[in-house]
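Reader: I would like a close look at one loop, and then a walk through the rest of the fold. Please keep it brisk.

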Amino acid sequence: MMNNQMTIKGYFNNELVKNKFAEVLGERSKQFVTSILSVTRDNKLLSNANPESIMNAAMKAATLNLAIEPSLGFAYIVPYKGNAQFQLGYKGLIQLAIRSGQIKNINSGVIYTSQFISFDPLFESLEVDFTKEQSQEIAGYFATIELKNGFRKLIYWSYNKVYTHGKRFSKSFNSGPWKTDFDAMAQKTLLK
């Protein structure tokens, strides 16, 4: 791992790579490259990924002007079969939606079993009592959006539905943010 980490560091210290990030990010490019090196150093599978795939994934985040620090939840670089892939976080999705200028309100969250009352999928009405204390068990997740033109949408999925969806459709379900931050990935899935 140490040898590949040195390769990754050398790759990102290459003038051509630095210049590509400088074209997209300007003065913030050094800070962004430092974030890339930190993210790869802190993730064993990612530290063994192909450096060019790491750059390609990071460039997608840079182009969208989204931070890649996992703790921020805007974007992730995740390992998959020896390569790195870009993964949009739920906060990044919200950020892009807000930047569109079409959004009046957007929200997502966790609903605990102690708070959940009912959900009617036919009319998309969700009854929740947020005044009740949060229990340990999660009932499900919600996402709402309201556009400036008045259009409104609510989505609610149970925990099991989100889990089944993530396991079926995510290539990185067993090694990426689904493992480290399930709630964030669940919210992003519903927001999408």
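In which loop is the place of Gly 26?

Author: This is a predicted model. Gly 26 sits in the loop between α2 (15–25) and α3 (29–41). Gly 26 has a relative accessible area of 35%. That falls between the 20% limit for buried and the 50% limit for exposed, so Gly 26 counts as partly exposed. Take Glu 133 as a reference point. Gly 26 and Glu 133 are 107 residues apart in sequence. In space, their C-alpha atoms are 46 Å apart.

The largest nonpolar core holds 48 residues. Phe 12, Phe 21 and Phe 32 have the most contacts inside this core. Helix α5 (residues 51–63) gives the most to this core, with seven residues. Leaving aside residues up to four places away in sequence, Phe 12 touches Val 17, Lys 18, Phe 21, Val 33, Ile 36, Leu 37, Pro 51, Ile 54 and Met 55. There is also a second, separate core, of five residues. Among them are Ala 139, Phe 142, Leu 154 and Tyr 156.

Next, a sheet. Three strands form an open sheet in the order β3-β6-β7, and the pairing is antiparallel. β3 (103–112) and β7 (152–158) stand at the edges. Each has a single partner strand, so one side of each is left without a neighbour in the sheet. Neighbouring strands here are turned by 10° against each other on average, direction ignored. Look at one pairing in detail. Strand β6 (residues 138–147) and β7 are joined in the antiparallel sense over seven bridges. Thr 144 has Leu 154, in β7, as its bridge partner. Leu 154 also belongs to the second core. A helix covers this part: α7 (residues 159–169) lies across β6 and β7. Helix α7 runs at about 85° to β7.

The largest pocket has about 290 Å³ of space. Its lining counts 15 residues. Closest to the pocket centre are Gln 87, Phe 169, Ser 170, Lys 188 and Lys 192. Three elements each supply at least two residues of the lining: β2 (83–88), α7 and α9 (182–191).

Back to loops, starting with a buried one. Gln 115 is in the loop between β3 and β4 (116–120). Gln 115 has a relative accessible area of 4%. The limit for buried is under 20%, so Gln 115 is buried. What does Gln 115 touch? Leaving aside residues up to four places away in sequence, Gln 115 is in contact with Val 110, Glu 127, Val 128, Asp 129, Phe 130, Lys 132 and Gln 134.

Two other loop residues call for a check of the backbone. Lys 81 lies in the loop between β1 (75–80) and β2. Lys 81 is not a glycine, but has a positive phi of about 50°. At 70% relative accessibility, Lys 81 counts as exposed. Glu 124 lies in the loop between β4 and β5 (125–128). Glu 124 also has a positive phi of about 50°, although it is not a glycine. At 30% relative accessibility, Glu 124 counts as partly exposed.

Key. Residues numbered from 1 in each chain as written. Predicted model: local features only at pLDDT ≥ 70, side-chain atom pairs only at ≥ 80, totals over all residues. Heavy atoms only, no water. Core = buried A, V, L, I, M, F, W, Y, C linked by side-chain atoms within 4.5 Å. Buried < 20%, exposed > 50% of the residue type's maximum accessible area, 1.4 Å probe, protein only. Helix = DSSP H or I, 4+ residues; strand = E, 2+ residues; numbered from the N terminus. Contact = heavy atoms within 4.5 Å. Pairing = 2+ DSSP bridges. Axes fitted to C-alpha atoms, helices over the stretch in contact; angles between N-to-C directions. 1 Å grid on protein atoms, 1.4 Å probe; cavity = no way out; pocket = protein on both sides within 12 Å on 5 of 7 lines; lining within 4 Å. Points joined across faces, edges and corners; volume = space filled by probe spheres on them.
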